[in-house]
Amino acid sequence: MIPIGWFGVGSGAFADGESVATIAQTAESLGFESIWVGEHPVLIDPQAPPSPLPSHSELMDPIPVLAYAAAST
């Protein structure tokens, strides 16, 4: 079996508690091995390489996101 994870929890359209819980529960029910979050909740303004996102992008702090996801599953 190949472990499969999902990246994107707590960012963009998924930067809210309801999305975090839904993604975590869905990933668990589908047998995903892990979920991943971005590790830099603060972005460079103005955006410059290698920053992947503009500074106004919605990102949640990774530790509370993962704690909430764990509590939701």
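**Serine 11**

I started with serine 11, which sits in the loop between strand 1 (5–7) and helix 1. Helices here are DSSP runs of H or I with at least four residues, strands are runs of E with at least two, and both are numbered from the N terminus. Before going on, I noted that this is a predicted model, where local features need pLDDT of at least 70, side-chain atom pairs count only at pLDDT 80 or more, and totals for chains, interfaces and linings use all residues. Residues are numbered from 1 along each chain as its sequence is written, and side-chain values use heavy atoms, with hydrogens and water left out.

What does the side chain of serine 11 reach? I found the backbone oxygen of glycine 8, at 3.2 Å. That is a polar contact (a pair of N or O atoms within 3.5 Å; within protein, one must be able to donate a hydrogen and the other to accept it, and residues adjacent in sequence count only if both atoms are side-chain atoms). Not counting residues up to four places away in sequence, serine 11 also touches Glu58 and Leu59; contact means heavy atoms within 4.5 Å.

**Leucine 53**

Next I looked up leucine 53, in the loop between strand 2 (34–36) and helix 2. Buried, exposed or partly exposed? Leucine 53 counts as partly exposed because its relative accessibility is 31%. The cut-offs are under 20% relative accessible area for buried, over 50% for exposed, and partly exposed in between (1.4 Å probe, protein chains only). Leaving aside neighbours within four places in sequence, leucine 53 is in contact with Leu43, Gln47 and Leu59. I also checked glycine 12: its C-alpha is 10.0 Å from that of leucine 53, though they are 41 residues apart along the chain.

**Helix 1**

Helix 1 has 13 residues and reaches 18 Å from its first C-alpha to its last, close to the expected 18 Å (1.5 Å times one less than its number of residues). At its start, a side-chain oxygen of aspartate 16 reaches to within 3.1 Å of the backbone nitrogen of glutamate 18. After the helix comes glycine 31, with a positive phi near 85°.

I listed the buried residues of helix 1 as Ser19, Val20, Ala21, Ile23, Ala24 and Ala27. They pack against strand 1, strand 2 and helix 2.

**The core**

Which residues form the largest nonpolar core? I got 7: Val9, Val20, Ile23, Ala24, Val37, Val65 and Ala69. Such a core is a set of buried Ala, Val, Leu, Ile, Met, Phe, Trp, Tyr and Cys residues joined through side-chain atoms within 4.5 Å. Helix 1 gives the most to this core, with 3 residues. Leaving aside neighbours within four places in sequence, alanine 69 is in contact with Val20, Ala24 and Ile35.
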